[in-house]
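Okay, quick one from me today. Have a look at the screen and I'll talk you through it.

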Amino acid sequence: MPKVTFIAADGSRQDVEVAVGLSVLEAAHANGVDLEGACEGSLACSTCHVVVEPEWYDKLPEAEEEEEDMLDMAFGLTRTSRLGCQLIMTEALDGLTLRLPTESRDSRD
């Protein structure tokens with residue numbers, strides 16, 4: 001089973017196994033990772049914003065326009081920002097490393 005490493009704002013790391021086909025958001029929730037996901041993965045907010053480590057960013061499928069629109073509202077947006085609900089695990093993503101922002105902003109407010 002592929003693994004994802006979540007790096008919290010304080011620098012602590014948590015490695016979790018993720019079944020192929022699950023989203024990063026689902027994996028975070030199943031493993032107690034502090035990633036909000038207020039809209040429960042319906043692509044209606046930006047609270048599952050993660051920052052992909054640069055060496056992994058180009059290995060991901062490109063973001064769709066709807067994801068980019070939500071990302072525009074994310075707190076602490078970076079060049080390698082993505083939404084966890086849109087990152088679907090595959091064997092090729094084994095070892096994916098993501099940083100959790102210090103804050104999130106719910107675009108539905």
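T102 sits in the segment that follows strand 5 (96-99); strands here are DSSP runs of E, at least two residues, and helices are runs of H or I, at least four, numbered from the N terminus. Before I go on: this is a predicted model, where local features need pLDDT of at least 70, side-chain atom pairs count only at pLDDT 80 or more, and totals for chains, interfaces and linings use all residues. Residues are numbered from 1 along each chain as its sequence is written, and side-chain values use heavy atoms, leaving out hydrogens and water.

So, is T102 buried or exposed? T102 counts as exposed, because its relative accessibility is 62% (exposed is over 50%, buried under 20%, partly exposed in between, with a 1.4 Å probe and protein chains only). And what does T102 touch? Leaving aside residues up to four places away in sequence, T102 touches A9 and F75, a contact being heavy atoms within 4.5 Å. T102 and F75 are 27 residues apart in sequence, with 8.6 Å between their C-alpha atoms.

Zooming out, the protein chain has three helices and five strands, and from the N terminus they go β-β-α-β-α-α-β-β. Buried residues are 42% of the 109 in the protein chain. Of its contacts with a separation of 6 or more, 66% link residues 24 or more positions apart. The C-alpha atoms fill a box of roughly 35 × 30 × 25 Å along the principal axes.
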